[in-house]
Structures are given as C-alpha cells and as structure tokens.
Amino acid sequence: MRSRFDEQLAELNATLSKMAALVQNAIARATEALVRQDKKIAEAVITADDEVDSMEKEIERLCLMLLLQQQPVAGDLRRISAALKISTDLERVGDHAVNIAEWVLFSLTGMHKNRRIL
C-alpha cells in the first residue's frame, strides 16, 4: 500500500517539475519575443499555455486522488497541499507570460484578441 502511495507521490513531483520547466520556458520565450519584437515566438508562447493549464488540472486530479484514497497525514499531507498551491501559482505565472506575449502581438499588429484597437 505504501509503495503505491510513494509511486503516486513521485508521479506528482515529476508532473510538478515538468510544469515548472514549461512555465520557466514560457517566461524565457515571452521575454525573448518582447526583446526581439517577434510575432512567431509570441504566438508560440500563447499556444503553449494550453499545456500548462492542462498540467494544473492533472496535478489537481493527482492531489485529490491522493487525499481521498490514501488519507495522508503530517509531512505527506503538507507535500500534497504544497503541490496544489504551487501548481496554481505556476499556472498564474504562465498566464503572465501569455500576457507579455499578447502585448508583443498588440505592439506589432494593433490587434488584441483579434480585435483592432488602434
């Protein structure tokens, strides 16, 4: 029973690490798009955000499954609740990267979400 729980915790940690890497990449790419005023990079950042959003949902699912099936206590409970909070924060940082990319597109095209503003 404990070995299955440990496997699920390892899966949670791996998924959280992958999400963090994706968000780190999104920030770097959004910054690059801003500095270079590159439309293609900005569009790629926006498109890649769907994966970050789905990973947040997957982490939430894993955490809830662990909480409901394993009923963890002490350190394990803190680890799971921290993963929930971290994934929410990472998703929000990913959204900020998208906002930067959208501003790059706006500065280049005068369009914001397919509506002309200028």
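**View 1. The largest nonpolar core.** This core holds 16 residues, and the ones with the most contacts inside it are Leu-9, Leu-12, Met-19, Ile-59, Cys-63, Leu-66 and Ile-80. (A nonpolar core here is a set of buried Ala, Val, Leu, Ile, Met, Phe, Trp, Tyr and Cys residues joined through side-chain atoms within 4.5 Å.) At least two core residues come from each of helix H1 (2-36), helix H2 (39-70) and H3, with H2 giving the largest share, seven residues. Helices are DSSP runs (H or I, at least four residues), numbered from the N terminus. The model is predicted: local features need pLDDT of at least 70 and side-chain atom pairs pLDDT 80 or more, while totals for chains, interfaces and linings use all residues. Residues count from 1 along each chain as its sequence is written, and side-chain values use heavy atoms, leaving out hydrogens and water.

**View 2. Around Leu-9.** Skipping neighbours within four places in sequence, Leu-9 is in contact (heavy atoms within 4.5 Å) with Leu-66, Asp-76, Arg-79 and Ile-80.

**View 3. The one aromatic pair.** Searching the whole structure turns up one aromatic pair. The ring centres of Trp-103 and Phe-106 are 5.3 Å apart with planes at 90°, so this is an edge-to-face pair (centres within 6.5 Å, using the six-membered ring of Trp; planes over 60 degrees apart). Both residues lie in helix H3 (residues 74-109), three residues apart, or about one turn of the helix. Trp-103 counts as exposed at 57% relative accessibility, whereas Phe-106, at 16%, counts as buried (exposed is over 50% relative accessible area, buried under 20%, with a 1.4 Å probe and protein chains only).

How values were computed: Rings of Phe, Tyr and Trp (its six-membered ring) pair if their centres lie within 6.5 Å; planes under 30 degrees apart count as stacked, over 60 as edge-to-face and the rest as tilted.
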